[in-house]
Amino acid sequence: ARRAVRLFVRPDARRVALTLVVALGVAVAAASEPLLLKGVVDRLAAAGPGAPATARDAIVAAVGVFAAVLACRILGAAWVTTSTWAVRLRIEYQLRSRVAAKMSVLSARTQSAIGTGGLRYAIDASSPQTASAFTDVAFKLLPALVYVGVAAWGMLRLDAHVGLAVLCLV
């Protein structure tokens, strides 16, 4: 497994790492959106009619921050999806290229014994699943686990008893 990671993932290591960081940022932005929206609603409720200019400026600033976080989350999610597919396709291409190279050096006797068509079909069926499994684990599972770990650490630091109760529900 380590050899496969070195062969197929190492060329894209920077992109994979950046995608993980951006995916974590998207998760944080998605989690903060309801809190930011609550802040906007609270400021609107507190301002009331005839509010001073400072209250209106605070509301405009809160709406601006909410819109910026929303835009960053949407753009980040789009980039993560594109990057995930780029890595997935590159891994699948490398996998197919290596298999084709290995198959081309097989003797005619071996090819006739195995049945190259059946072997090629099996490879065509399994290589997208292999690339999909890697990208699902790398870009969906790991950011979620990191986010839950950071959130758990924060909850436990705030109040250990409530944090443990919440973690039992997760």
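This is a predicted model: local features need pLDDT of at least 70, side-chain atom pairs count only at pLDDT 80 or more; totals for chains, interfaces and linings use all residues.
Is Ile91 buried or exposed? Its relative accessibility is 7%, so it counts as buried. Setting aside neighbours within four places in sequence, Ile91 touches Phe8, Val9, Ala131 and Phe134. Leu7 is also worth a look. It lies 84 residues from Ile91 along the chain, yet the two C-alpha atoms are 9.3 Å apart.

Now zoom out. The chain has six helices and zero strands. From the N terminus, the order reads α-α-α-α-α-α. There are 170 residues, and 20% of them count as buried. Next, contacts. Take those with a separation of 6 or more: 77% of them join residues 24 or more positions apart.

On to helix H2. It covers residues 13-47, which is 35 residues. At 1.5 Å a residue, H2 should span 51 Å; its end C-alpha atoms are 50 Å apart, so the two values agree. Where is the kink in H2? It lies at Ser32, shortly before the proline Pro34, and comes to about 35 degrees. The buried residues of H2 are Val16, Thr19, Ala23, Val26, Ala29, Glu33 and Val40.

Side chains of opposite charge can pair when their charged atoms come close. How many salt bridges does the structure hold? Three.

Take Glu33 and Arg73. Their side chains meet in a salt bridge, 2.4 Å from N to O. This pair links distant parts of the chain: Glu33 in helix H2 and Arg73 in helix H3, 40 residues apart. Glu33 is at 12% relative accessibility, so it counts as buried. Arg73, at 24%, counts as partly exposed.

Next, Arg90 and Asp12. Their closest N and O atoms are 2.7 Å apart. Again the pair links distant parts of the chain, 78 residues apart: Arg90 is in helix H3, and Asp12 is in the loop between helix H1 and H2. Asp12 is buried, with a relative accessible area of 6%. Arg90 counts as partly exposed at 33%.

Last pair: Asp42 and Lys38, at 2.6 Å, N to O. Both are in helix H2. They are four residues apart there, so about one helical turn separates them. Asp42 is partly exposed at 39% relative accessibility. Lys38 is partly exposed too, at 48%.

Notes: Residues are numbered from 1 along each chain as its sequence is written. Side-chain values use heavy atoms; hydrogens and water are left out. Helices (H or I, at least four residues) and strands (E, at least two) are DSSP runs, numbered from the N terminus. The expected span of a helix is 1.5 Å times one less than its number of residues. The bend at a residue is the angle between axes fitted to the seven residues ending there and the seven starting there. Buried means under 20% relative accessible area, exposed over 50%, partly exposed in between (1.4 Å probe, protein chains only). Contact means heavy atoms within 4.5 Å. A salt bridge is a side-chain nitrogen of Lys or Arg within 4 Å of a carboxyl oxygen of Asp or Glu.
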